[in-house]
Amino acid sequence: MKPAGENANWRVFRPVIDVKKCKKTYGCYAFCPENAIQIDKNGFPFIDANLCTGCLICLRECPCGAISEVKEK
Ligand code: SF4
Ligand code: SF4
């Protein structure tokens with residue numbers, strides 16, 4: 001198991017979910033290879049920044065354009 005925060009150290013981009021655009025298709029949740037996306041009590045996905053590698057597969061799998069990328073500082 002990776003130590004918490006390890007992925008965040010080398011990530012170039014990170015995904016951001018706009019829940020206002022999210023239609024709860026859960027493609028992001030299903031395809032994230034790191035299990036970094038979880039579902040909140042309202043059924044919306046959110047990202048565990050400690051697990052996310054920034055691969056942006058979730059962005060490509062979202063049919064609603066609800067996920068965008070921002071450059072890590
Ligand atoms: S960028 Fe990759 S690792 Fe991060 S939440 Fe999306 S699919 Fe998962
Ligand atoms: S893939 Fe897009 S629309 Fe589907 S649950 Fe994830 S953010 Fe929402």
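How many residues surround ligand 2, and which are the closest? There are 14 of them, with Cys22, Thr25, Gly27, Cys28 and Cys62 the closest. A residue makes the list if its C-beta atom, placed from the backbone, lies within 6 Å of the molecule.

Some housekeeping before going on. This is a predicted model, where local features need pLDDT of at least 70 and side-chain atom pairs count only at pLDDT 80 or more, while totals for chains, interfaces and linings use all residues. Residues are numbered from 1 along each chain as its sequence is written, and chains are lettered from A and ligands numbered from 1 in the order in which they are written.

**The two ligand shells**

Around ligand 1 there are 13 residues, and Cys32, Cys52, Cys55, Ile57 and Cys58 come nearest. Here is how the shells split by class:

| Shell | Nonpolar | Polar | Charged |
|---|---|---|---|
| Ligand 1 | 10 residues | 2 residues | 1 residue |

**The chain as a whole**

The protein chain has 3 helices and 4 strands, in the order α-β-α-β-β-α-β along the sequence. Its radius of gyration is 12 Å, close to the 11 Å that the globule rule gives for 73 residues, so the chain is as compact as a globular protein of that length. That radius is taken over C-alpha atoms, and the rule is 2.2 Å times the number of residues to the power 0.38. Helices (H or I, at least four residues) and strands (E, at least two) are DSSP runs, numbered from the N terminus.

**Core and contacts**

Of the 73 residues, 18% count as buried, meaning 20 or more other C-beta atoms within 10 Å of their own; exposed means 12 or fewer, and partly exposed is in between. The largest nonpolar core has 9 residues, including Cys28, Cys32, Cys52, Cys58 and Cys62. Such a core is a set of buried Ala, Val, Leu, Ile, Met, Phe, Trp, Tyr and Cys residues joined through C-beta atoms within 7 Å.

Leaving out residues up to four places away in sequence, Cys58 touches Pro15, Cys28, Phe31, Cys32, Ile37 and Ile67. Contact here means C-beta atoms, placed from the backbone, within 7 Å.

**Out at Lys71**

Lys71 sits in strand β4 (residues 67-71). Lys71 and Phe13 are 58 residues apart in sequence, yet 4.4 Å apart in space, C-alpha to C-alpha.

Methods. Nonpolar A, V, L, I, M, F, W, Y, C, P; charged D, E, K, R; others polar. Contact = placed C-beta atoms within 7 Å.
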